[in-house]
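User: Got a model open here. Can you walk me through it?
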Amino acid sequence: MTALHRHDISDQLWNKIEPLCVGRKDQPGRTAKDNRLFINAVLFVIHEGGSWRSLPPEYGKWNTVFQRDFGAQKKGIWQKMMEILWKHSE
């Protein structure tokens with residue numbers, strides 16, 4: 001995947017957290033269009049000061065990304081990802 005912005009997730013980090021993403025093809029239910037793009041969209045908002053409405057259109061509709069982020073927070077997915085990344089950084 002070609003990085004859209006300087007803060008997009010690296011291949012190394014993506015390989016560590018991809019198994020935690022919901023909506024994978026190997027899971028029941030709705031399949032996400034592009035989990036990595038979603039992660040990069042959230043990182044963009046974090047790096048640019050937290051304004052969802054400033055999300056560039058190449059990341060998708062800002063409200064869709066916002067709603068998915070909110071769902072991931074409620075399910076504890078971000079916490080799990082941070083724990084995995086923390087363990088691999090030691």
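User: What span should the 13 residues of α2 have?
Analyst: This is a predicted model. At 1.5 Å a residue, α2 should span 18 Å. The C-alpha atoms at its ends are 18 Å apart, which agrees.

User: Is α2 enclosed or exposed, and how many of its residues are buried?
Analyst: Ten of the 13 residues are buried, so α2 is largely enclosed by the rest of the structure. Among them are Leu37, Phe38, Ile39 and Phe44. Asn35 and Asn40 are buried too.

User: What caps the N-terminal end of α2?
Analyst: Aspartate 34 does. One of its side-chain oxygens lies 3.2 Å from the backbone nitrogen of arginine 36.

User: And what follows α2?
Analyst: Glycine 49, with a positive phi near 105 degrees.

User: Switching to charges. How many salt bridges?
Analyst: The count is one. Aspartate 11 and arginine 36 meet through their side chains, at 2.7 Å from N to O. The pair links distant parts of the chain, with aspartate 11 in α1 and arginine 36 in α2, 25 residues apart.

User: Are those two buried or exposed?
Analyst: Arginine 36 counts as buried because its relative accessibility is 11%, under the 20% cut-off. Aspartate 11 is partly exposed, at 48%.

User: What classes are in the lining?
Analyst: Eleven nonpolar residues, one polar and one charged.

Terms used. Residues numbered from 1 in each chain as written. Predicted model: local features only at pLDDT ≥ 70, side-chain atom pairs only at ≥ 80, totals over all residues. Heavy atoms only, no water. Nonpolar A, V, L, I, M, F, W, Y, C, P; charged D, E, K, R; others polar. Salt bridge = Lys/Arg side-chain N within 4 Å of Asp/Glu carboxyl O. Helix = DSSP H or I, 4+ residues; strand = E, 2+ residues; numbered from the N terminus. Buried < 20%, exposed > 50% of the residue type's maximum accessible area, 1.4 Å probe, protein only. Expected span 1.5 Å × (residues − 1). Polar contact = N/O pair within 3.5 Å; in protein donor to acceptor, adjacent residues only side chain to side chain.
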